[in-house]
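Subject: Structure handover

Hi,

Here is the structure for you to take over. My notes on what I found follow below it.

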Amino acid sequence: MASSPRQLFDVVVVGAGPAGVVAALRAARLGASTALITRDQFGGMAANDGPVPVRTLAQAARLIREARQLPLFGIAGGEPWLDYARLLARVRDVTADARRHTLLRDDLERAGVDIHEQAGTARFVDTHTVESDNAPRLQADKVILCAGGASRPLAVPGFDLAATHSDAWHLSSVPPSLVVVGAGATGVQVASIFNAFGSQVHLVEIAPRILMSEDQEVSEAVTAAMEASGIQIVASAGTIDRFERRVTGVRLTHSARDGQHSIDAALAVVAAGWVAATAGLDLDRAGVQTDRRGYVQVDEHLRTTVPHVFAAGDVTGRALVVHEAVREGLVAATNAVLGATAVLSPQVSPIGSFTDPEYASVGLFDSLPRPIIDGRQTGFCKLIVDRELHLILGCHVVGERAVELAQLAATAMAAKMPVEQLALVPFSFPTYANALGRTAILAAIELDHTGMWAVEHLETAVEVGVA
């Protein structure tokens, strides 16, 4: 292939997901001539087959569940019917709108960033030069890798018969049955959404429980709710042996302690983890090294093993969530332009998933007025509090609006707010925020060894019904 004309920049950013977009904008606003190159559409996984489309499908699932509750409120209506083709059209409209209006495209153009979209896989030619099939060669003093991640493949026979979560969002119709392999955040979301759409769902996990990275009480609560909704959960599944084609779809075979088992379904979706999307980047040409898991090695300044090459986002494997990718993009660009002095400091990092029920991390849920009113009583709210300093160290929530509740807790944690101060925040009544307020009050009372806090603030305690 003949080499294309070479363009010179101070900074070249590879990848236009949240990390890459923020890195490119930061570099440009610091005065660096900047190019941004992306393999596919602008916005990366987050906009095109991650949080944006997932949240849209989860909203459809929520509406179906709420429609089924209409008779409880004396509202007549039949069983909701899903037009999946129209829903996918809605997903496409939302993702396109997100790419146009919420991903800083206009800001990048105003800042003078040279954007190369649909360029194909970018790859290093040498330590300072990046090329791709559909864009000119880009040479830069500094390079920032924000190539993102990809679904982890399984090295088992017949894996090509299985789909990924990305494929699941692009089906032409809802499958009558579905087996999901992997019960982390992605797998649980896929299972929850398609269960609401009417699929018979098996959720298979080789670990002893689903959501292994979450608090055990969160896992147990979500498990109970999912099983009650009809999802069949297979934990401690042992080894995934193979996938086989069947007339009606695909068969998954796995070997557990009690022997070999098979599950037949119209579709198998594998959500068994996330890997760095470094295939084809030719990192060895630049001398950039990866760790044993395949993620790009970076130091505290997000500098790779090559001093002028930085990395941010999923490709580093540090924190696989959008808000952390944004922070990393900002730090990487700052160090690339101004010198490696900025450090990615520890921050409160809320995570959550739009399942049914929702859960999130950063008193009993079923005794609060708002969940009772809405008929959504499954869940709980738990605060982790330092017994000496009374600072909030963590929060786990399962239930309706859990993700939003975790954001409130994250704000209190970031402000280093003692639990007693959070307990005195006047949350509107009746709201789901009362779950957090009530839990804070209970924690404050438990930590009050003199008994004076409850006496002095009895009125607040009475208002939320804990006294």
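Helices (H or I, at least four residues) and strands (E, at least two) are DSSP runs, numbered from the N terminus. This is a predicted model, so to speak of local features I need pLDDT of at least 70, and side-chain atom pairs count only at pLDDT 80 or more, while totals for chains, interfaces and linings use all residues. Residues are numbered from 1 along each chain as its sequence is written, and side-chain values use heavy atoms, with hydrogens and water left out.

Most residues other than glycine have a negative phi, and most peptide bonds are trans. Here are the exceptions I noted.

- Asp356 and Pro357 are joined by a cis peptide bond, with omega about 0°. Pro357 sits in the loop between strand E17 (351–353) and strand E18 (359–361).
- Ser236 is not a glycine, yet its phi is positive, near 50°. Its loop runs between strand E10 (232–234) and strand E11 (239–246). Ser236 is partly exposed because its relative accessibility is 42%. The cut-offs: buried is under 20% relative accessible area, exposed is over 50%, and partly exposed is in between (1.4 Å probe, protein chains only).
- Asp282 is also a non-glycine residue with positive phi, near 55°. It is found in the loop between strand E15 (274–276) and helix H9 (283–286). At 27% relative accessibility, Asp282 counts as partly exposed.

**The E17–E18 loop again**

Thr355 lies in the loop between E17 and E18 too. Is Thr355 buried or exposed? It is buried, at a relative accessible area of 3%. Setting aside neighbours within four places in sequence, Thr355 is in contact (heavy atoms within 4.5 Å) with Arg65, Val188, Gln189 and Ser192.

**Helix H1**

H1 covers residues 18–29, twelve in number. From first C-alpha to last it reaches 17 Å, close to the 16 Å expected at 1.5 Å a residue. The expected span is 1.5 Å times one less than the number of residues. H1 is mostly covered, with ten of its twelve residues buried. Among them are Pro18, Val21, Val22 and Leu25. Gly31 follows H1, and its phi is positive, near 100°.

**Helix pair H12 and H14**

Two packed helices are described by the angle between their axes and the distance between the axes. Helix H12 (residues 402–414) packs on helix H14 (residues 433–447) at about 45°, with the axes 9 Å apart. That makes H12 oblique to H14. On definitions: axes are lines fitted to C-alpha atoms, for helices over the stretch in contact, and angles run from 0 to 180 degrees between N-to-C directions. Angles under 35 degrees count as roughly parallel, over 145 as roughly antiparallel, 65 to 115 as roughly perpendicular, and the rest as oblique.

The H12–H14 crossing is right-handed. A crossing is right-handed if the near helix is turned clockwise from the far one by less than a right angle, and left-handed if anticlockwise. Which residues meet? On the H12 side they are Leu405, Leu408 and Ala409; on the H14 side, Ala433, Ala435 and Leu436.

**Strands**

Two strands pair if DSSP finds at least two bridges between them.

An open sheet is formed by three strands in the order E11-E12-E13, with antiparallel pairing. E11 and strand E13 (259–265) are the edges, each pairing on one side only. From one strand to the next the twist averages 20°. Strand E12 (residues 249–256) and E13 run antiparallel and share seven bridges.

Strand E6 (residues 135–145) is mostly covered: eight of its eleven residues are buried. Strand E5 (residues 129–132) runs antiparallel to E6, joined by three bridges. A hairpin of two residues connects E5 to E6. Ser132 has Ala135 of E6 as its bridge partner. E6 also pairs with strand E16 (residues 309–311), in the parallel sense and over three bridges. There, Leu145 has Ala311 of E16 as its bridge partner.

**One last loop**

Met212 lies in the loop between strand E9 (200–204) and helix H8 (216–228). It is partly exposed, with a relative accessible area of 41%. Met212 and Ala185 are 27 residues apart along the chain, and their C-alpha atoms are separated by 9.5 Å.

Best wishes
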